[in-house]
Amino acid sequence: MNAKCEATPASALVVDDDEFACDVVQEMLGLTGIDDVRTARNGRVALQVLETLQTPPTVLVCDVFMPDMDGIEFLEQLAQQKFSGGIIILSGVDAQMLNLSTQIASARGLNVLGSFIKPVTLEQLATALGRPLIGQPVP
């Protein structure tokens, strides 16, 4: 939880091999006002999605454990590409691996907005993004 997105996030990429988790996070992002959301089932597919976009997403939500290319490998690739958007890291399995992933991403210069054990809550996501919920009063 190092830094907030400097610009208001307008788009997102959710990288998770669990289709239900992708759908839930996509819906929660919509409730924070981010409606332009793409999804990918692993890091390799996410890199392909990123190549097709004219403008990279301003926020990326990434699971740690995925087949083919896991979250740590994917974060390494993002760092090599100098991805400047905000990153939220999720894990449904292991808090230690989540912490390690967050430390690696931060050490590589990535803008980690938060890291959470699944299931992430709407409040956690909105707080990490620094965004109010749609229809909710701003504190």
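Which residues are buried in helix H5 (residues 122-129)?

1. Ground rules first. This is a predicted model, where local features need pLDDT of at least 70 and side-chain atom pairs count only at pLDDT 80 or more, while totals for chains, interfaces and linings use all residues. Numbering runs from 1 along each chain as its sequence is written, and side-chain values use heavy atoms, with hydrogens and water left out.

2. On the overall layout, the chain has five helices and five strands, in the order β-α-β-α-β-α-β-α-β-α. Helices (H or I, at least four residues) and strands (E, at least two) are DSSP runs, numbered from the N terminus. Of the 139 residues, 47% count as buried; buried is under 20% relative accessible area, exposed over 50%, and partly exposed in between (1.4 Å probe, protein chains only). Among contacts (heavy atoms within 4.5 Å) between residues at least 6 apart in sequence, 75% join residues at least 24 apart.

3. Back to H5: Leu122, Leu125, Ala126, Ala128 and Leu129 are the buried ones. Seen down the axis of H5, they fall within an arc of 165 degrees, so they line one face of the helix; the arc is taken over directions from the helix axis to the C-beta atoms. Glu123 and Thr127 are exposed, on the face turned away from the buried side. The cover over the buried residues of H5 includes helix H1 (19-31) and strands E3 (59-63), E4 (86-91) and E5 (111-117). After H5 comes Gly130, with a positive phi near 70 degrees.

4. Leaving aside neighbours within four places in sequence, Thr32 is in contact with Leu122, Ala126, Leu129, Arg131, Pro132, Leu133 and Ile134.

5. Then there is the H3 and H4 pair. The axes of H3 (residues 71-80) and H4 (residues 95-107) come within 10 Å and cross at roughly 10 degrees, where axes are lines fitted to C-alpha atoms over the stretch in contact and angles run from 0 to 180 degrees between N-to-C directions. That makes H3 roughly parallel to H4 (angles under 35 degrees). In this contact, Ile72, Leu75 and Glu76 of H3 meet Met97, Ser101, Ile104 and Ala105 of H4.

Terms used. Angles under 35 degrees count as roughly parallel, over 145 as roughly antiparallel, 65 to 115 as roughly perpendicular and the rest as oblique.
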